[in-house]
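Reader: Can we go through this one together? Start with the terms, please.

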Amino acid sequence: MEKFRAVLDLHLKHHSALGYGLVTLLTAGGERIFSTVVFQCPCSAAWNLPYGLVFLLVPALALFLLGYVLSARTWRLITGCGCRARASCGSGLRGFLVCAQLSAAAALAPLTWVAVALLGGAFYECAASGSAVLAQRLCLDRDHNCAAELPLVPCHEAKASDVQDLLKDLKAQSQVLGWILIAAVIIVLLIFTCVSRCLSPVSFLQLKFWKIYLEQEQQILKSKATEHATELAKENVKCFFEGSHPKECNTPSVKEWQQISSLYTFNQKDPYYSMLHKYVNRKEKTQSIRSTEGDTVIPVLGFVDSSSINSTPGL
């Protein structure tokens, strides 16, 4: 039991890092399976380029869109932003900043796919061998049939030995591009993290406390919501079978649910830890938590919107 508790605590403290690591491993494993089992280069001048690019880029696009779908912030941004509730969506700049952060987070899996695929080389070799532009550069000072035989190189069917040797060049180019992509991603991520932490309005230890608060709030909210929903369901079922009138059960209104589900903005004057925290404190003053002067989107506080009622185990 103690070992299980230790594993659970590790998950609660580092669930984001563990999640990103798991996504990276699954993506890399999926690419290896695709390249060895599914991928078969047609070795055709007409099909090599589109076939290779489809395997290199389309799964990356699918993973990128899946990253949006699986993010709680996406649904906080979209839900309620229809014609009837446009005011709850916030300013265009705020929406743009949140979309930029969502895109950066969703790009992890597709970039992993592309990087691993380039390091493997199979997709690039197939696509590059079907490119007329690359053929002109690669076939300089080689056999006069080089351009015609280049699409056959991935299948090891080129008759001229110096043309078949181009497979090594294509693999080297692919791996160099893969390492350049990995280095670029790491550098950009490091710069973004440093800048966002440097511009953080709160200290390092307060951020730690903030994340602990959100974990506890979500656990208690889920526990209380489960208890309230169970009580409401029991009362409704009881009244259905007995033909009686239900007793009053105070459930938050649609407007109240909308307010605590909206995107989080930070205000230096009133540094609330969540939308629920903001709602409870501002309700007594203005009956609303709509944006006020000084409310801004802070990149380093993006984890506030990422909190989901199902992101942590219930009590």
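Author: Buried means under 20% relative accessible area, exposed over 50%, and partly exposed in between, with a 1.4 Å probe and protein chains only. Helices are DSSP runs (H or I, at least four residues), numbered from the N terminus. This is a predicted model: local features need pLDDT of at least 70, side-chain atom pairs count only at pLDDT 80 or more, and totals for chains, interfaces and linings use all residues. Residues are numbered from 1 along each chain as its sequence is written, and side-chain values use heavy atoms, with hydrogens and water left out.

Reader: Which residues of α5 are buried?

Author: Ala109, Pro110, Thr112, Trp113, Val114, Ala115, Val116, Ala117 and Leu118.

Reader: What comes just after α5?

Author: Gly121, with a positive phi of about 95°.

Reader: Switching to α10. How many residues does it have?

Author: Helix α10 has 33 residues, 166–198. Its first and last C-alpha atoms are 48 Å apart, close to the 48 Å expected at 1.5 Å a residue. The expected span is 1.5 Å times one less than the number of residues.

Reader: What do the buried residues of α10 pack against?

Author: They pack against α5, α6, α7, α8 and α9. Contact means heavy atoms within 4.5 Å. The buried residues of α10 include Leu166, Leu170 and Gly178.

Definitions and conventions: Helix = DSSP H or I, 4+ residues; strand = E, 2+ residues; numbered from the N terminus.
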